[in-house]
Amino acid sequence: MKVIKIGGGCLKDGPTTNIILDLAAVRGKGNIFVVSAFYGITNALISGIEAALASEDTIEGVIRDLRNRHQIIVDCLMKPPEEKKRALQKLDKLLGKLERYYFGISFTREATPRMRDIICVFGEKMSAMILAAAMASRGIDSGVALPEEAGIITDGKFMDATALIAPTRENLSLRLGRQVTKNKILFVPGFYGVSDTGEITTFGRGGSDYSAAVVAAGVDADLLEIWKDTPGFMTADPDNIPECRLIPELTYEEAAELAYTGAGILHPRTVEPVRQAGIDIAIKNTYDPDARGSRITRQAREADTIIKSVSYTSDVAILKIHASGVGVRQGILSLITGAVSGSGINIKSVVTSQTCISLLVSKNDAQTAHDCIRAIHPRPFRESACRTRVALVSIVGEGLHLSRGIAARCFTAVSKADVNIEMISFGASDAAMYFLVHEDSLDPTIQALHDTFFNASPPPN
Ligand SMILES: Nc1ncnc2c1ncn2[C@@H]1O[C@H](COP(=O)(O)OP(=O)(O)O)[C@@H](O)[C@H]1O
Ligand SMILES: N[C@@H](CC(=O)OP(=O)(O)O)C(=O)O
């Protein structure tokens, strides 16, 4: 059995969703589909929260807009009036509940992370329901299994949960495995699970890729297939580098490093659950389903180049803590990282020298993290600084640390592009090297690296 993930990027509107359903009808029977909300709906749900906080009067319009957007899709996917009516009744039931939550936050003037999660998952609940109804309308046996019914269990952290694989596996093998028969398609809303006390907890934005990996591990799937609107995992984001190329095979390590350092094609934690279970990931292009796509696996076959891809993220800030003898002063590092993570902030990376500790955090967390560090008493450092106008660039390829000349080629390219490097990390991973540049220099940096590693006639690396 396969687990197949369909994201919002493939569910843009009625006609594109029809293409996906045609594909699923031919290739999807006997498999589990983990689905995201229709394109733009999660953003609309979040805007609805802000609108409801500002004024109760906005709620009616938000619900009307959500209903219209889904109704247009239902109209396009289903023809028999009775079936359409039933789907719209289910939609109205969900929207009725959603409306009450919006009134709740408007009344209390408070949108807690718990309430944000409850509201955000309505997008996936609506899409799974509509896709299953549309599939049934094509005469295909289909159903919906909600994560709370199937038993996708999380650590309970709102808006950034992690799945607990052991109990999830136990639940899914009992409750999901048996529901999938040879000719049936089962839809599971992605993006969330429930804590052991039943609280809805999302896996963070873009988390349906991770959901699908969790379900794949939970049912011991033969393969996790992720359907995307690109030919596969590319040597760079096609939005930045249109001439980028397909990477036919990547290792788990390479895919994880790329996803963590900003390759928006995969949620950063997608690889974890399937790597543990030894399940491959196939990325397939919905516009060209017979094409090869990309395979993420334990051991990728030899590639022409060691560097597989270039990725970047602007969602990074650097905190520099200047102190002397960092390497010989016991406890200073743990004091600083403890203060930051104690306030619930995730530290993306730490690089130290004898005179400076550099912490990388998300841009949104930078100010709070800096405040936490400055609040340490007595101060174990001389001075601290926070830089937010930076971006992280990374080149990834298994074995790059063993190959001579990669770093030289990388930094020569960057320097030729007249870009100044602000921080380098090399050696922490066998498969990745990353550095920071000013955010205004991001585009020329990515272009220079891509030209060097993928477009230039090579010195072999
Ligand atoms: N290295 C990469 N290879 C392919 N696509 C990438 C890469 N980095 C970023 N992307 C972007 O990821 C997008 C697909 O991811 P996403 O929009 O999240 O899909 P979905 O919503 O269907 O899950 C592509 O349209 C592309 O712009
Ligand atoms: N709908 C959620 C979860 C998700 O994974 O969506 P997508 O597969 O479209 O990235 C979001 O927008 O964050």
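**Close-up 1. Pairing of strands S13 and S14 in the predicted model**. Strand S13, residues 347-352, runs antiparallel to S14, and the two are joined over 5 bridges. Within this pair, Ser 349 has Leu 360 of S14 as its bridge partner. The two strands make up a hairpin, with 3 residues between them.

**Close-up 2. Pairing of strands S12 and S14**. S14, residues 356-361, also pairs with S12, residues 317-322. The sense is again antiparallel, and the pairing extends over 6 bridges. Leu 319 lies opposite Leu 359 of S14.

**Close-up 3. Buried and exposed residues of helix H14**. Helix H14 spans residues 406-416, and its buried residues are Ile 406, Cys 410, Ala 413 and Val 414. Viewed down the helix axis, these buried residues fall within an arc of 95°, so they line one face of H14. On the face turned away from the buried side are the exposed residues Ala 408, Ser 415 and Lys 416. Asp 418, which follows H14, has a positive phi near 65°.

**Close-up 4. Surroundings of ligand 1**. Ligand 1 is surrounded by 19 residues, of which Gly 7, Gly 9, Met 234, Asp 237 and Ile 265 are the closest. The shell comprises 7 nonpolar, 8 polar and 4 charged residues.

Technical notes. Residues are numbered from 1 along each chain as its sequence is written. Chains are lettered from A and ligands numbered from 1 in the order in which they are written. This is a predicted model: local features need pLDDT of at least 70, side-chain atom pairs count only at pLDDT 80 or more; totals for chains, interfaces and linings use all residues. A residue is near a molecule or strand if its C-beta atom, placed from the backbone, lies within 6 Å of it. Ala, Val, Leu, Ile, Met, Phe, Trp, Tyr, Cys and Pro count as nonpolar, Asp, Glu, Lys and Arg as charged, and the others, Gly among them, as polar. A residue is buried if 20 or more other C-beta atoms lie within 10 Å of its own, exposed if 12 or fewer, and partly exposed in between; C-beta atoms are placed from the backbone. Helices (H or I, at least four residues) and strands (E, at least two) are DSSP runs, numbered from the N terminus. The arc is that of the directions from the helix axis to the C-beta atoms. Two strands pair if DSSP finds at least two bridges between them.
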